Amino acid sequence: MGGGYLRVIYPEPEVCLNLPAWQEFCGFDRTGQNAWFDIGLDPETLALRFSASAEAPFGLPRQLERLALLRDPAQVAPVAADPRTPADLRGVDRGDSALPGPLAAWE
């Protein structure tokens with residue numbers, strides 16, 4: 001799935017921003033990261049597998065440079081854990097920092 005835009009409808013006027021613009025102009029998701037890799041699900045164990053994508057991301061070179069896409073899952077930086085969600089979807093303690101998303105660790 002290709003990258004998209006964060007769409008803000010209200011207050012008007014409506015704007016569609018990519019992550020760098022969202023961070024710069026709205027001050028949101030300062031620790032947000034863009035990534036391009038493959039994600040697979042083992043239906044037996046419900047384990048997620050993250051791996052470098054065999055396919056290159058598509059887009060104009062300047063656009064791709066501005067997005068600063070991470071191509072290797074090992075490059076994803078942990079972020080400060082939200083104290084309102086001390087555990088991930090599996091009940092694992094997130095600690096003070098965790099990988100972005102609903103899982104404390106990626107397998």
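Tryptophan 22 counts as buried, because its relative accessibility is 15% and the cut-off for buried is under 20%. The model is predicted.

**Tryptophan 22**
- Tryptophan 22 sits in helix α1, which spans residues 19-26.
- Beyond its neighbours within four places in sequence, tryptophan 22 contacts Leu6, Val8, Leu17, Gly27, Phe28 and Asp29.
- One of these partners, aspartate 29, also makes a polar contact: its side chain and that of tryptophan 22 are 2.7 Å apart.
- Leucine 89 lies 67 residues from tryptophan 22 along the chain, and 27 Å separates their C-alpha atoms.

**Nonpolar core**
- Five residues form the largest nonpolar core: Phe37, Phe50, Leu70, Val76 and Leu99.
- Leucine 99, a member of that core, is in contact with Val76, Pro78, Arg94, Ala104, Ala105 and Trp106, leaving aside neighbours within four places in sequence.

**Aspartate 88**
- Aspartate 88 is placed in the loop between β5 (79-80) and β6 (97-98).
- Aspartate 88 is buried but has no salt bridge.
- Arginine 90 is the nearest side chain of opposite charge, at 4.5 Å; a salt bridge needs a separation within 4 Å.
- With neighbours within four places in sequence set aside, the contacts of aspartate 88 are Arg94, Pro102, Leu103 and Ala104.

Methods: Residues are numbered from 1 along each chain as its sequence is written. This is a predicted model: local features need pLDDT of at least 70, side-chain atom pairs count only at pLDDT 80 or more; totals for chains, interfaces and linings use all residues. Side-chain values use heavy atoms; hydrogens and water are left out. Helices (H or I, at least four residues) and strands (E, at least two) are DSSP runs, numbered from the N terminus. Buried means under 20% relative accessible area, exposed over 50%, partly exposed in between (1.4 Å probe, protein chains only). Contact means heavy atoms within 4.5 Å. A polar contact is a pair of N or O atoms within 3.5 Å; within protein, one must be able to donate a hydrogen and the other to accept it, and residues adjacent in sequence count only if both atoms are side-chain atoms. A nonpolar core is a set of buried Ala, Val, Leu, Ile, Met, Phe, Trp, Tyr and Cys residues joined through side-chain atoms within 4.5 Å. Lys and Arg count as positive and Asp and Glu as negative; His and the chain ends are not counted.
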